[in-house]
Amino acid sequence: MIALRPGSQRGHFNHGWLDTFHSFSFGDYHDPAHMGFATLRVINEDRVAAAQGFPTHPHKDMEIITYVLSGALEHRDSLGTSSVIRPGEVQRMSAGRGVTHSEFNASRTQQVHLLQIWIRPQERGLEPSYEQKSFPAEAAPRNRLQLLASPDGAEGSVTIHQDARLLRAVVKPGDSIRHELAPRRQVWVQAVRGEARLNGQILKAGDGAAVTDERALSIEPITEAELLVFDLKE
């Protein structure tokens with residue numbers, strides 16, 4: 001079964017410096033029907049104005065993944081990390097027993113567009129840690145999903161502390177991806193660019209889909225498209 005979550009139905013706030021969409025309940029947006037999906041707790045699509053951002057604030061017991069779509073995001077944290085995240089890069093910060101960090105648009109002239117993703121860890125009170133790796137879209141494999149995050153760092157992915165996998169589909173018209181699903185797994189698919197068919201149903205940028213009781217995913221692009229696939233335990 002596939003349950004669509006149209007992007008137009010997400011929580012939306014425009015604060016001037018921040019234009020943000022929430023797939024699941026977050027902050028001032030509360031929807032009891034959308035509190036997360038399995039261990040996936042947050043998908044926020046943020047557009048941050050030039051030279052603006054999130055000042056230092058704390059997190060605890062969450063696996064936080066940042067995925068930049070355009071522009072550049074400057075990150076600083078209490079672990080001593082200072083980095084800039086650009087398109088095609090995946091940042092993972094394990095908040096563990098506690099970490100503080102800030103995220104600012106690294107440009108004084110251009111907007112930064114990103115996804116902020118939270119996954120609940122399998123254990124609380126872990127040692128905080130940070131990881132950042134590059135996965136250029138132009139180097140993505142054709143006709144198969146690319147692993148970006150996993151519990152064991154397989155295929156060069158970043159390592160998260162949960163039985164969850166984040167995969168990416170970068171597809172052009174004429175491509176076709178079929179991905180077999182293991183038993184007792186649930187999947188969330190988030191379309192981030194373009195338009196594609198997921199098991200026959202159309203997803204446009206911003207749309208999400210909860211996939212349950214399916215044996216496989218079939219992705220066929222209508223336009224050039226990019227989708228993130230979250231493979232999660234039940």
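Q: What does "buried" mean for a residue here?
A: Buried means under 20% relative accessible area, exposed means over 50%, and partly exposed is what falls in between. Keep that handy, as this is a predicted model and the cut-offs do a lot of the talking.

Q: Why is Leu148 called buried?
A: Its relative accessible area is 0%, and the cut-off for buried is under 20%, so Leu148 counts as buried. You'll find Leu148 in strand E13.

Q: What does Leu148 touch, leaving out residues up to four places away in sequence?
A: Quite a list: Tyr67, Val90, Phe135, Ser157, Val158, Leu166, Leu167, Arg168 and Leu228.

Q: Is Arg165 buried, partly exposed or exposed, and how do you know?
A: Arg165 has a relative accessible area of 28%. Buried needs under 20% and exposed needs over 50%, so Arg165 is partly exposed. This residue lies in strand E15, and its C-alpha atom is 7.3 Å from that of Leu147, 18 residues away along the chain. Beyond its neighbours within four places, the contacts of Arg165 include Ala149, Arg185 and Phe230.

Q: What makes Trp17 and Phe54 an edge-to-face pair?
A: Two numbers settle that. The ring centres are 5.3 Å apart, and a pair needs centres within 6.5 Å. The partners are 37 residues apart: Trp17 is in the loop between strands E2 and E3, while Phe54 is in strand E5. Both residues land in the middle class, Trp17 being partly exposed at 27% and Phe54 partly exposed at 22%.

Q: Why is the pair of Phe26 and Trp118 called edge-to-face?
A: Here the centres are 5.4 Å apart and the planes are at 75°. With the limits at 6.5 Å and over 60 degrees, the pair is edge-to-face. Phe26 sits in the loop between E3 and E4 and Trp118 in strand E11, so the pair ties together parts 92 residues apart in sequence.

Q: Which of Phe26 and Trp118 is buried, and how do you know?
A: Trp118 has 15% relative accessibility, so Trp118 counts as buried. Phe26, with 27%, is partly exposed. The line between those classes is drawn at 20%.

Q: How many aromatic pairs are there, and which residues form a cluster?
A: The count comes to 4 aromatic pairs. Phe24, Phe37 and Trp188 form one aromatic cluster.

Q: Which residues touch the most other members of the largest nonpolar core?
A: Out of 24 residues, those are Leu40, Ile65, Ile117, Trp188, Leu228 and Phe230. Strands E4, E6, E11, E13, E15, E17 and E22 each supply at least two residues of this core. Another core, of 21 residues, lies apart from it, with Val171, Val187, Val211 and Leu217 among its members. In soluble globular proteins, nonpolar side chains tend to be buried together.

Q: What lines the largest pocket?
A: Its lining divides into 8 nonpolar, 9 polar and 3 charged residues. The pocket has a volume of about 340 Å³. Of the 20 lining residues, Leu18, Phe26, Asn44, Asp46 and Phe54 are the closest to its centre. Strands E3, E4, E5, E10 and E11 each give two or more residues to the lining.

Methods:
Residues numbered from 1 in each chain as written. Predicted model: local features only at pLDDT ≥ 70, side-chain atom pairs only at ≥ 80, totals over all residues. Heavy atoms only, no water. 1 Å grid on protein atoms, 1.4 Å probe; cavity = no way out; pocket = protein on both sides within 12 Å on 5 of 7 lines; lining within 4 Å. Points joined across faces, edges and corners; volume = space filled by probe spheres on them. Helix = DSSP H or I, 4+ residues; strand = E, 2+ residues; numbered from the N terminus. Nonpolar A, V, L, I, M, F, W, Y, C, P; charged D, E, K, R; others polar. Core = buried A, V, L, I, M, F, W, Y, C linked by side-chain atoms within 4.5 Å. Buried < 20%, exposed > 50% of the residue type's maximum accessible area, 1.4 Å probe, protein only. Contact = heavy atoms within 4.5 Å. Phe/Tyr/Trp six-rings, centres within 6.5 Å; stacked < 30°, edge-to-face > 60°.
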